[in-house]
Amino acid sequence: MDLEECILITDGTLIQLSIHCPKLQALSLSHCELITDDGILHLSNSTCGHERLRVLELDNCLLITDVALEHLENCRGLERLELYDCQQVTRTGIKRMRAQLPHVKVHAYFAPVTPPTAVGGSGHRLCRCCVIL
């Protein structure tokens, strides 16, 4: 089921999907910015979460945290999880989840750390990482 960029999708929607879609195997919630860890809890505790869900895409779900990854440990059939630009998900959270579900392929992107301001140097800075030469 592809619900990507359906901006009115909420945790309530996930509760209804959990109840009425027990055979759901793939779900894209990318850019559904109202989804929280609580919605993932309901999904992961449902029949589809426990038995059938194979693919879950959560790209750009800004309210998702490492707590959601803990909930997803109930999804024993999960094969692929997309977490690009989920800014509150950490490498530590992913590592913890993968310890429980080592077969899951997790795709995530973490923005590089902004380098510190250089000490000395002759260039003028535009920001903390850019220098005019």
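**Notes on the sheet and the salt bridges**

1. In this predicted model, Leu 27 has Leu 56 of strand S2 as its bridge partner. Strands S1 and S2 (residues 55-57) run parallel and are joined by 3 bridges.

2. The whole structure contains 3 salt bridges. One of them pairs Arg 54 with Glu 79, with 3.9 Å between the closest N and O atoms. Arg 54 lies in the loop between helix H3 (47-52) and S2, and Glu 79 in the loop between helix H4 (66-72) and strand S3 (80-82), so the pair ties together parts 25 residues apart in sequence. Arg 54 is partly exposed, at 28% relative accessible area; Glu 79 is also partly exposed, at 45%.

3. A further salt bridge connects Glu 57 and Arg 80, whose closest N and O atoms are 3.3 Å apart. This pair links distant parts of the chain, as Glu 57 belongs to strand S2 and Arg 80 to strand S3, 23 residues apart.

4. Arg 80 also meets Glu 82 in a salt bridge, at 2.7 Å from N to O. Glu 82 is buried, because its relative accessibility of 8% falls under 20%, whereas Arg 80 is partly exposed at 27%. Through shared partners, Glu 57, Arg 80 and Glu 82 form one network of salt bridges.

Conventions:
Residues numbered from 1 in each chain as written. Predicted model: local features only at pLDDT ≥ 70, side-chain atom pairs only at ≥ 80, totals over all residues. Heavy atoms only, no water. Pairing = 2+ DSSP bridges. Helix = DSSP H or I, 4+ residues; strand = E, 2+ residues; numbered from the N terminus. Salt bridge = Lys/Arg side-chain N within 4 Å of Asp/Glu carboxyl O. Buried < 20%, exposed > 50% of the residue type's maximum accessible area, 1.4 Å probe, protein only.
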